[in-house]
Amino acid sequence: MDFNTKFTPHTWPDHPEQATMEGKNKVVGFWIFLACEVVLFASLFATYLALKNKGPAGMEFTTQSLFELPLAFAMTMLLLTSSLTSVYAIYHMRNFNFKAMQTWLGITVLLGLGFLGLEIYEFNHYVGLGFTFNQSAFSTSFYSLVGTHGFHVTLGLVWITTLMLRNAKRGLNLYNAPKFFVAALYWHFIDVVWVFIFTVVYLMGVIG
Amino acid sequence: MMKGLKKWRLFSLLAVMMVFLSGCGEDYISTLKPSGQVGKEQFNLLMLATGIMTLVVVIVSVIYLLAFLKFRRSKVGENVIPKQVEGSHTLEIIWTVIPIILLLILAVPVVTATYKFADVAAMDEVDENGDKTALTVNVTAKLYWWEFEYPNQGIVTAQELVVPTGQKVYFNLKAADVKHSFWIPAIGGKMDTNVDNLNKFYLEFDKESKDLKDGVFYGKCAELCGPSHALMDFKVKALSPDAFDTWVASMKATDGKMPDKTSADLGEATFAQSCMGCHAVSGTSGPGSKGPNLTAFGDRNRVAGFLEHNEENLKAWIKDPGQFKPGNLMMNAEGTAPIYGDLTDEEIQALATYIMGLSVEK
Amino acid sequence: MSSYTQKKGFGATVWDYITTVDHKKLAVMYLLAGTLFFAIAGFEALLMRIQLMKPNNDFISAGFFNELLTMHGTTMLFLAATPLLFAFMNMLVPLQIGARDVAFPFLNSLGFWLFFLGALFLHLSFFMGGAPDAGWTSYASLSLYSPGHGIDFYVLGLQISGAGTLISGLNFIVTIITMRAPGMTFMRMPLFTWTALVSSALILFAFPPLTIGLLMMLFDRMFGGNFFDHTMGGNTIIWEHLFWIFGHPEVYILVLPAFGLFSEIIPAFSRKRLFGYSSMVFATILIGFLGFMVWAHHMFTVGLGPTANAIFAVATMAIAVPTGMKVFNWILTIWGGSIKVTTPMLYALGFIPSFVAGGVTGVMQASAPLDYQLHDSYFIVAHFHYVIVGGIVTALFGSAHFYWPIFFNRMLNETLGKITFWVFFIGFHLTFFVQHFLGLMGMPRRVFTYMEGQGWDQFNYISTIGALMMGVGVILMVINCLMSIKGKPAGRDPWGDGRTLEWSIPQPIPFYNFRQTPLVRGLDPWWIEKQEGNKEITFAEPVGDIHMPNNSAIPFVISIGMFIAAFGALYNPDADKPWSIYVLIAGLAITFGAMIFRSVKDDHGFHLHKEEILEIEEHLYGKGGNK
């Protein structure tokens with residue numbers, strides 16, 4: 001099947017993202033890339049756990065005094081919901097319903113932006129308290145872990161938005177279907193990482 | 001074929017010669033001539049491991065040479081197509097199981113010794129008076145020199161570790177600036193001095209050091225720590241327990257010794273003026289000084305840990321320490337001049353005489 | 001379309017190489033770049049050996065010696081061995097599995113340029129205030145203490161070239177999973193492709209910890225972070241763990257493809273299929289897996305406690321078992337074969353005992369209590385050079401001879417090749433055999449000088465003589481390579497004993513590799529066809545249109561952006577260089593701009609039509625086509 005073939009919902013393949021060799025490569029490659037990202041975040045998590053609450057003598061910041069669960073919970077909800085909406089988007093992509101896919105992707109982006117806004121608010125709040133990046137080993141490792149995740153969210157948002165804009169006039173074809181699919185895959189991954197951050201950093205920080 | 005075998009014989013003969021030669025390593029620094037219990041056990045492990053490994057190398061080499069000599073194309077014929085053998089389960093099992101057995105033979109003493117060498121429980125044992133029974137030395141590695149504190153005796157020395165023979169000596173190891181590693185090859189294996197945490201281990205000194213060439217064992221820094229890493233040597237004096245007690249007493253006797261700025265001795269006055277900020281001349285001055293404690297300098301074996309112990313070298317050192325140990329902290333940050341400024345030749349001469357005279361043994 | 005067959009001008013050729021996505025051209029580029037850095041790092045080693053020739057020598061200064069030892073190790077591992085093996089992987093993997101290119105030709109080019117510009121950046125340090133000087137391990141307390149920008153060059157240079165390596169590794173995995181020709185099942189893949197697969201998987205899991213470690217070092221040194229500053233609650237041991245979680249698998253990343261190369265050479269010149277193919281595959285995977293379980297054996301003296309040391313000691317010993325399996329399988333491949341001692345085979349034959357010697361000293365060092373004596377002494381220097389030179393460099397030299405006709409359609413001179421082997425091989429043993437004893441006699445590694453009277457003088461002298469011989473060997477090798485330019489075309493399967501698909505392709509190899517996708521009928525498909533008297537491999541399809549990727553300059557632009565950004569980050573801590581932050585932003589803008597451009601602009605590749613193919617082949621092989 002060619003990239004330029006025009007499709008109808010009937011001729012559209014069940015797994016459009018893997019219908020071409022390029023698409024198949026992209027999906028396999030992206031899964032492997034995610035495996036590599038898992039190790040990347042694992043290293044950051046391990047470092048964070050080793051340096052949690054460690055700082056210069058007499059440092060008063062601890063996970064208990066700093067983190068607030070309601071905010072982190074709100075962020076979690078936003079991101080989890082956005083993951084669900086991206087599932088809807090891919091569902092419609094597979095059904096060759098371009099408009100619905102774009103709509104759900106749009107909602108995903110908005111939720112992601114909400115998450116990012118809350119994260120910026122959170123960081124800003126901590127900096128206001130004096131918990132800056134340079135304040136201690138704890139702060140450096142916290143901002144590196146959560147910040148790397150935030151950076152991934154930003155990249156994901158730019159990516160999805162670019163895809164939506166670029167293809168707004170063209171609709172779906174076998175060339176861009178794998179692109180939408182892997183972008184959604186990336187978004188799920190970001191979501192999974194956040195679940196771990198929520199558990200390890202916030203839940204275990206406040207309760208454990 | 002005979003020619004090949006002859007070459008091989010020559011080669012193995014050479015190898016044996018090499019091993020023989022290495023046995024002649026110097027007894028004050030070679031791990032092959034250990035003078036301490038820990039080093040001896042490590043040497044035995046080395047022999048066991050070398051034995052097993054030589055066996056492996058010999059077996060592999062023999063099969064390999066046989067295969068090579070038997071199946072040359074010039075022998076089997078140019079156009080012969082050998083049988084395409086897929087493999088052999090029996091052989092696979094044999095060369096899986098035999099190495100496992102060999103490794104187990106090695107692994108058992110390895111694990112035992114690992115735990116044994118890490119056992120420092122006796123460090124905290126006390127007698128009925130509440131005094132520690134074991135000798136502990138706190139080692140602090142600093143950029144290119146070593147500080148040795150004896151917490152139970154309340155004394156400090158530097159660059160030359162003094163220990164009694166015939167008992168376990170426990171070490172607390174720490175680095176003050178960057179990571180170093182504490183190693184006395186002839187006595188036993190090394191342990192790192194980290195900046196983050198205290199490492200503990202023990203060594204035993206079986207032999208007094210006075211019969212050695214320089215009267216000391218050689219100690220080394222084994223972790224890259226900057227330009228002068230290669231020169232971060234220290235020496236170890238192993239004394240009989242009585243001689244050690246005498247040494248401790250004479251170190252304690254220097255309590256309160258303080259160079260006087262107004263002294264008639266130019267050396268002492270210069271020392272008080274220019275050196276005292278970093279160097280102490282009393283054995284009880286406590287640890288943590290910026291420069292090595294010089295109380296027993298006159299008794300030492302080396303200037304700056306590696307230069308021959310004479311006044312000429314000491315004078316040259318004082319004049320420009322950076323020339324001998326690049327990057328050392330007696331120089332300013334740019335490494336252009338000593339932090340104590342320029343001294344006149346006269347002052348340096350007097351200073352060297354004064355420092356050479358600092359002794360607890362003479 | 002005659003554009004494929006025309007001669008090009010110099011400018012056009014350069015542009016062609018900058019924009020190429022052809023795996024064979026990239027392989028040649030990796031080969032050239034790797035050789036360049038191999039020569040630089042080798043020269044650094046010679047300088048160090050000359051300094052250590054006699055006690056108390058003052059040939060080079062202490063500070064410069066530390067820069068040399070750091071750059072020698074870093075360059076050899078990251079910028080010489082890795083790209084040289086990538087050269088073979090790039091060239092051979094698609095040919096061995098019957099593919100027309102790798103899965104992501106664009107990423108292949110990106111991987112190369114990131115590696116090359118990262119390497120270039122690192123080497124600029126010599127001219128811009130001093131190279132890194134904290135060892136290739138760059139342990140945190142020393143590297144934070146180290147003044148100047150040397151360590152910053154290390155961190156940024158490795159970050160960029162490491163990203164390139166990671167991308168290439170990912171590419172190979174996908175290529176091997178999805179691009180195999182019909183009939184090329186996993187258990188029919190040549191062993192080199194297998195090792196390339198496992199090694200790429202190791203890259204994938206080993207490089208991220210290094211990336212994170214380097215990122216932390218970057219934050220600490222350039223942006224005021226506190227990961228490794230113990231006064232701020234940081235911990236330097238984290239660096240050691242992250243570095244070795246990467247660093248140990250890195251050894252296997254390099255040595256597995258070397259095993260793979262020998263597993264191609266030995267069967268070819270024994271005229272016998274690889275003995276115990278399936279157990280070789282199993283051993284490769286097992287080594288790769290165990291490689292991740294043993295990193296702390298580099299840290300026995302750090303003070304992790306007896307339990308950690310004991311576990312890691314035993315785990316490390318376990319690696320000897322699959323490695324031993326490999327050695328015996330090689331020997332049994334020779335056994336009953338018909339051995340032709342060509343230069344590549346000579347390297348293979350020299351490799352077996354050398355590597356076994358390096359392996360057994362590895363087991364000795366795995367014995368934790370014994371390692372307390374051996375660690376950071378010259379014994380370890382001897383050990384890893386036996387593994388790396390005896391294992392990897394002999395593989396590279398041997399394979400260069402073996403695969404030169406695949407790369408360049410020329411043969412290297414056999415006589416000169418054998419002379420090179422003996423000079424290099426004897427020099428190698430002379431250099432490193434005595435170093436075992438230097439270590440046992442108490443000589444620490446990474447020392448810029450040593451005093452007389454410690455019993456080390458004689459062996460150090462011998463070692464230097466050996467190093468000079470190795471230098472001569474490398475020069476002979478380069479002369480041989482240069483001489484081959486004037487040689488005659490080698491043609492298809494010039495050794496006569498080729499077994500795998502790459503030897504079935506007529507020379508010179510067209511840029512689309514296979515006019516028709518081959519049909520693989522078993523292990524060693526070319527051997528099978530030859531045994532059945534066929535002059536040509538069986539094809540899976542008739543001659544038809546071929547889809548090929550377009551060239552692109554974007555990978556180069558992306559890499560240049562990173563290169564520029566690195567200078568910005570480097571000078572960020574300097575108060576007198578306020579412009580640095582703008583350089584950083586500009587560099588990143590170029591990189592991300594190029595990425596978005598790539599994303600927005602469709603790139604469908606192009607189709608090569610049947611008539612064009614026939615025209616190209618007529619040009620390459622003369623009238624009458626491919627016969």
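Me: Against which elements do the buried residues of α7(B) pack?

Reply: They pack against β11 (302–303), β12 (307–308), α8 (321–324) and α9 (345–356) of chain B. The model is predicted, so that local features need pLDDT of at least 70 and side-chain atom pairs count only at pLDDT 80 or more, whereas totals for chains, interfaces and linings use all residues. Residues are numbered from 1 along each chain as its sequence is written, and chains are lettered from A and ligands numbered from 1 in the order in which they are written.

Me: Which residues of helix α7 of chain B are called buried, and what makes a residue buried?

Reply: A residue is buried if 20 or more other C-beta atoms, placed from the backbone, lie within 10 Å of its own; with 12 or fewer it is exposed, and in between it is partly exposed. In α7 of chain B (residues 311–319), the buried residues are Leu314(B), Trp317(B) and Ile318(B).

Me: Why are the buried residues of α7(B) said to line one face of the helix?

Reply: Seen down the helix axis, the buried residues of α7(B) fall within an arc of 95°, and therefore they line one face. The arc is taken over the directions from the helix axis to the C-beta atoms. An α-helix has 3.6 residues a turn, so residues three or four places apart point the same way.

Me: What radius of gyration does chain B have, against the value for a compact globule?

Reply: Chain B has 27 Å, whereas a compact globule of 362 residues would have a value near 21 Å. The radius is taken over C-alpha atoms, and the globule rule is 2.2 Å times the number of residues to the power 0.38. Along the principal axes, the C-alpha trace of chain B spans about 100 × 55 × 40 Å. Of its 362 residues, 41% count as buried.

Me: How many helices and strands does chain B have?

Reply: Chain B has nine helices and 12 strands. Both are DSSP runs numbered from the N terminus, with helices (H or I) of at least four residues and strands (E) of at least two. UniProt, in an unreviewed entry, assigns residues 132–250 of chain B to "domain: Cytochrome oxidase subunit II copper A binding". That span, residues 132–250 of chain B, is 8% helix and 50% strand, with its end C-alpha atoms 21 Å apart. UniProt positions follow the numbering used here, feature names are shortened, and annotations may be inferred rather than shown by experiment.

Me: Why is α6(C) described as largely enclosed by the rest of the structure?

Reply: Of the 29 residues of α6(C), 26 are buried, and therefore the helix is largely enclosed.

Me: Which pair of chains has the most contacts, and what makes two residues a contact?

Reply: Two residues are in contact if their C-beta atoms, placed from the backbone, lie within 7 Å. Among the two pairs of chains that touch, chains B and C have the most contacts. Chain A and chain B do not touch, and their nearest C-alpha atoms are 12 Å apart.

Me: How many residues of chain C are in contact with chain A?

Reply: On chain C, 31 residues are in contact with 30 residues of chain A. The largest share of this side of chain C, seven residues, comes from α7(C). By class, the side of chain C that touches chain A has 19 nonpolar, 11 polar and one charged residues. Here Ala, Val, Leu, Ile, Met, Phe, Trp, Tyr, Cys and Pro count as nonpolar, Asp, Glu, Lys and Arg as charged, and the others, Gly among them, as polar.

Me: What makes Arg446(C) count as buried?

Reply: Arg446(C) has 21 C-beta neighbours inside 10 Å and therefore counts as buried. Arg446(C) is found in the loop between α14 (414–440) and α15 of chain C, and has a positive phi of about 60° although it is not a glycine. Met441(C) is in the loop between α14 and α15 of chain C and counts as buried because it has 25 such neighbours.

Me: What makes Asn513(C) count as buried?

Reply: Asn513(C) counts as buried because it has 22 C-beta neighbours inside 10 Å. Asn513(C) lies in the loop between α15 and α16 of chain C, and its phi is positive, about 65°, although it is not a glycine. Pro508(C) lies in the loop between α15 (457–483) and α16 (525–531) of chain C.

Me: What omega does the cis peptide bond from Gln507(C) to Pro508(C) have?

Reply: The omega of this bond is near -10°.
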